[in-house]
Amino acid sequence: MNNLRPSRVTIREVGPRDGFQNEPETVPTDDKIRLINSLGRAGFKRIEIASFVRPDVIPQLADGVEVLRRIDVPSDVAKMVLIPNSKGLDNALVVRDLFDEAAIFVSASETHNKKNVNRTVAESMADNEVMARRITSEGLTCAAVIATSFGCPYEGHVELGRVLDLAERFAAAGATEIGFGDTTGMANPAYVSDFFTAALDRLKGVEVTAHFHNTRGQGLANAFAALEVGCASFESSFGELGGCPVPAGSTGNIATEDLVSMFHEMGVETGLSLAGVIESAREAQAVLGRKLTSHSITAGPVEWNSTLV
Ligand code: ZN
């Protein structure tokens, strides 16, 4: 057996933020709360719940504070919120007791960053460094996310060194976790293997998290490649919720239940109930009223004692 492969990993469920944000319909607040409570019962210890992006920009998440207030998940679940800028952080800190982890972000590619947040990477990083210090001084965990880490739909190749330089700046400012996002699904397993080998080597003492999108069906292969070089932290979205604006109509994050199924079948522990995750995904499917693209939501867990052949 590969001795770099972790025997246990953590999975942060990001569907309530990354997923709901990118779905065409706005999920009613009561349904969001019911689904997040269901995720809590499935065993997640980390859930990305809300964002402090301006509600006119992302109306799907305008009810974030109400959701944070009303959810009922076990007390040891770390609730994450996404913070786009210092103004968003001001708003988040008003309700500081409602969450545990704050995620800040930048795109590794200049063009993607400009299109996403209308700032240069340098401008975003200057603000991010100030935010990271404020977040940690509040006693909150600061996680940083680097979007388009594996390629940019506008610029193409993104230099690995550039991505890791940004990661080191985040770590120096206080981020204890760096997530690398394959925002539009451009990564491939061979590159992921090289990428995470280098990232884990350079970011010692920092939690290195893989965030893959299944835009081109390679999400699980990429997760496997990251696992095999020692990555032990993943993000995914139940039901494979979340589209992606580029290319239009694409699927979003890898499905949590497919990722959990793969890990469990490999003997890698997640601490999650696969049946519980599938149940949550099926509830989400019922709420949205259309078939979601995850595989395990249809197939269910592998049953080794089945009489079917
Ligand atoms: Zn994502």
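His213 is buried, with a relative accessible area of 6%, where buried means under 20% relative accessible area, exposed over 50% and partly exposed in between (1.4 Å probe, protein chains only). His211 is buried as well, at 7%. The structure is a predicted model, in which local features need pLDDT of at least 70, side-chain atom pairs count only at pLDDT 80 or more, and totals for chains, interfaces and linings use all residues. Residues are numbered from 1 along each chain as its sequence is written, and side-chain values use heavy atoms, with hydrogens and water left out.

The zinc ion is coordinated by Asp18 (OD), His211 (NE2), His213 (NE2) and Asn253 (OD1), at 2.0 to 2.8 Å. Donors are N, O and S atoms within 2.8 Å of the metal (3.2 Å for Na, K and Ca); water is not among the atoms, so sites may look incomplete. Along the chain, the zinc donors follow the spacing D-x192-H-x1-H-x39-N. The arrangement is irregular because the four donor atoms subtend angles of 72 to 142 degrees around the zinc ion. For comparison, four donors count as tetrahedral if all angles lie between 85 and 135 degrees; four count as square planar and six as octahedral if opposite donors are over 155 degrees apart and all others between 65 and 115; anything else is irregular.

Contact means heavy atoms within 4.5 Å. Ser237 sits in the loop between strand E8 (233–236) and strand E9 (243–244), and at 0% relative accessibility it counts as buried. Helices (H or I, at least four residues) and strands (E, at least two) are DSSP runs, numbered from the N terminus.

Glu240 belongs to the loop between E8 and E9 too. Glu240 is buried, with a relative accessible area of 6%, and has a positive phi of about 60 degrees although it is not a glycine. Most residues other than glycine have a negative phi. Thr148, likewise not a glycine, has a positive phi of about 50 degrees. Thr148 is found in the loop between strand E5 (141–147) and helix H7 (160–173) and counts as buried at 0% relative accessibility.

On a 1 Å grid over the protein atoms alone, a cavity is a set of points where a 1.4 Å probe fits but cannot get out, and a pocket is an open set with protein on both sides within 12 Å along at least five of seven lines; lining residues have an atom within 4 Å of a point. Grid points are joined across faces, edges and corners, and a volume is the space filled by probe spheres set on the points. The largest pocket holds about 1100 Å³ of space. Its lining has 43 residues, of which Gln21, Ile58, Leu82, Phe105 and Asn116 lie nearest the centre. Helix H5 (residues 110–117) supplies the largest share of this lining, four residues. By residue class, the lining of the largest pocket divides into 19 nonpolar, 15 polar and nine charged; Ala, Val, Leu, Ile, Met, Phe, Trp, Tyr, Cys and Pro count as nonpolar, Asp, Glu, Lys and Arg as charged, and the others, Gly among them, as polar.

Across the whole structure, a search finds two cavities of 30 Å³ or more. The largest cavity, with a volume of about 30 Å³, is lined by Pro16, Lys32, Ile49, Ala50, Ser51, Leu61, Asp63, Gly64 and Val67. Strand E2 (46–51) and helix H3 (64–70) are the elements that give two or more residues to this lining, and E2 gives the most, with three. In the second largest cavity lies about 30 Å³ of space. The zinc donor His213 is one of the residues that line this second cavity, along with others including Asp182, Asn214 and Arg216. That lining divides into one nonpolar, eight polar and two charged residues.

Strand E2 also contains Arg46, which is buried, with a relative accessible area of 14%. The C-alpha atoms of Arg46 and Ala78 are separated by 4.7 Å, with the two residues 32 apart along the chain. Not counting residues up to four places away in sequence, Arg46 touches several residues, among them Glu13, Ala78, Glu101, Glu177 and Glu207.
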